[in-house]
Amino acid sequence: MEKSIALFSALLLVLALSGCDGDSGTATVRVQGRVTDNQGYGGAQGASKQAAPAPQAAVEGAVVTAARVQGNGSLQPLDGQVQTDASGNFTLDVAAQTGDVLMLRAEKDNFRSAVLVTVNVAGGGTVRAMPMTAESKAEAEVYVAVREQDDNAREDAEDATPAQVSVYVTADLAAQLQAGGITTAQVAAALQQAARAEAAFVNRTGASLEALAQARQHQQAAWLNLQQALYAAGSAQAEAEAMTAFEQAFVEAYAEAGISAEARAKLLQTARLAVTHLAASGNATARFALRKQAEILSALATSAAIEAAFEAEGATQARMDSLRQARMQWLASLRAAASTSAIEQARAQYSSVVEAALAASLGISTEALANVKASLQTAVNALQMALSIAGSATAVAEASVAFYSSAEGTINSSLQGNARAGLAATVLALLSVN
């Protein structure tokens, strides 16, 4: 219970940025943006949040209004409205305060769109929103659903932030929301599970709850930077680069909060397991879109942790270059994946490169390393069994913690006497969570 109270207190710092009730400190803020009928952002190959081709199709004459997203998900309409010009641009003055999360909405005939924006300036300042697209509309509606589902009285409870919603909701998922393949409430529930699984993992490992809250704040800062970058982007390539940079910054936020590369990888692997095993609602296409983005975030963290482990053991430049190339190929394959089997194949290809490097570092044959991997099967089976019956984010986190402890202990025992047994324990445990 004391940990739960501490977690809630730490997360208040994050929730303060996620919709503030009341009018204290309210002043006039100028909001600028653009309304388009695009599906998403950036058409460049390699963009992880799949998007529609550029140039953006501007919507002229759309009426834009704003509402403050309250802590319980209700929308408080703000005075003022404006119409977009021939380029889809608008400038809207609203009464808001620093820290407010606003939902901007655009309407014209049967067209509807929306975007979230965080007020990060004082009165008299200007906030620039990312262009409205089907993707931004989905993100805004999912975030409102997240706030509606907020339950702080629940043990280990944590709510997904705007940054988390933005990093997980892709144009592919937005298309499924439009088509009715999944609902905003179902997506919100899945993202809540991911966020809560991370919090529960921290609780179960005795890690710093304050560091997790700080990581959330850094992720929010990355999301604010994304707003600015997409507003200023003049091409599909610039948009794609902004999205990829946001994903990287989202993952790096844990390191900025003092969370180690290995712990960060385990957190995002646990979040991936929660999304994969607890998001049972929606059609197969929608669930795949969610899983794919979770796989990408997990891969970013896992590959960084593996490279850090090798580097700490004094790996040669050639070996580090090989690992980095394998990481780039893994991410490219994940972004291009159109099926679960393609995701699994991408992971297997990456693992084969890493395992070859690991065998060489340990001074053992690939056959001997295969025997070490085989010793993990009991731990892997126990993890899969626990996940198959897990009904909550806490249960997923507990299964994850138990697996890492068992797997690392098994590997260290199998390689007893090898000076680099610790390297093998870190690497093989991270590679074995499927």
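Modeller: Strand 1 (residues 27-34) and strand 5 run antiparallel and are joined by 8 bridges. Within that pairing, arginine 30 has aspartate 93 of strand 5 as its bridge partner. The model is a predicted one, and what follows should be read as a description of that prediction.

The pair belongs to an open sheet of 3 strands, ordered 5-1-8, in which the pairing is mixed. The edges are taken by strand 5 (89-96) and strand 8 (126-128); each has a single partner strand, so one side of each is left without a neighbour in the sheet. From one strand to the next, the twist averages 25 degrees.

Strand 2 pairs with strand 6 (residues 101-108) in the antiparallel sense, over 6 bridges. Strand 2 also runs antiparallel to strand 3 (residues 75-77), with 3 bridges between them, and pairs with strand 4 (residues 82-83), again in the antiparallel sense, over 2 bridges. Arginine 68 can be followed into two of these pairings: its bridge partner in strand 6 is leucine 102, and its bridge partner in strand 3 is glutamine 76. On the strand 4 side, valine 63 is bridged to glutamine 83. The hairpin of strand 2 and strand 3 has 5 residues between the strands, and there glycine 73 takes a positive phi near 90 degrees. How enclosed is strand 2 by the rest of the structure? Of its 7 residues, 5 are buried, so strand 2 is largely enclosed.

Now the rest of the chain. The secondary structure comes to 15 helices and 8 strands, and 54% of the 434 residues count as buried. Of the contacts between residues at least 6 apart in sequence, 74% join residues at least 24 apart.

The largest nonpolar core has 137 residues, and the members that touch the most others are Leu104, Val142, Tyr168, Leu191, Phe310 and Leu358. Helix 9 (residues 284-312) supplies the largest share of this core, with 14 residues. In soluble globular proteins, nonpolar side chains tend to be buried together. With neighbours within four places in sequence left aside, leucine 191 is in contact with Val142, Ala160, Gln164, Val165, Tyr168, Val169 and Leu290.

For helix 11 (residues 340-362) and helix 15, the axes are 11 Å apart and the packing angle is about 170 degrees. Angles over 145 degrees count as roughly antiparallel, and helix 11 and helix 15 are therefore roughly antiparallel to each other. On the helix 11 side the contact involves Arg347, Tyr350, Ser351, Val354, Glu355, Leu358, Ser361 and Leu362, which meet Ala421, Leu423, Ala424, Val427, Leu428, Leu430 and Leu431 in helix 15. By class, these residues divide into 11 nonpolar, 2 polar and 2 charged.

Helix 15 (residues 421-431) also holds threonine 426. This threonine 426 is buried, at 14% relative accessible area. Setting aside residues up to four places away in sequence, threonine 426 touches Glu262 and Ala309.

The other pair is helix 13 (residues 377-389) with helix 14 (residues 393-414), whose axes come within 9 Å and cross at roughly 175 degrees. Helix 13 and helix 14 are therefore roughly antiparallel as well. From helix 13, Ala379, Val380, Leu383, Ala386 and Leu387 meet Val396, Ala399, Ser400, Phe403, Ser406 and Ala407 of helix 14. That contact has 9 nonpolar, 2 polar and no charged residues.

The C-alpha atom of alanine 370 is separated by 9.3 Å from that of alanine 359, 11 residues away along the chain.

How values were computed. Residues are numbered from 1 along each chain as its sequence is written. This is a predicted model: local features need pLDDT of at least 70, side-chain atom pairs count only at pLDDT 80 or more; totals for chains, interfaces and linings use all residues. Side-chain values use heavy atoms; hydrogens and water are left out. A nonpolar core is a set of buried Ala, Val, Leu, Ile, Met, Phe, Trp, Tyr and Cys residues joined through side-chain atoms within 4.5 Å. Buried means under 20% relative accessible area, exposed over 50%, partly exposed in between (1.4 Å probe, protein chains only). Helices (H or I, at least four residues) and strands (E, at least two) are DSSP runs, numbered from the N terminus. Contact means heavy atoms within 4.5 Å. Axes are lines fitted to C-alpha atoms, for helices over the stretch in contact, and angles run from 0 to 180 degrees between N-to-C directions. Angles under 35 degrees count as roughly parallel, over 145 as roughly antiparallel, 65 to 115 as roughly perpendicular and the rest as oblique. Ala, Val, Leu, Ile, Met, Phe, Trp, Tyr, Cys and Pro count as nonpolar, Asp, Glu, Lys and Arg as charged, and the others, Gly among them, as polar. Two strands pair if DSSP finds at least two bridges between them.
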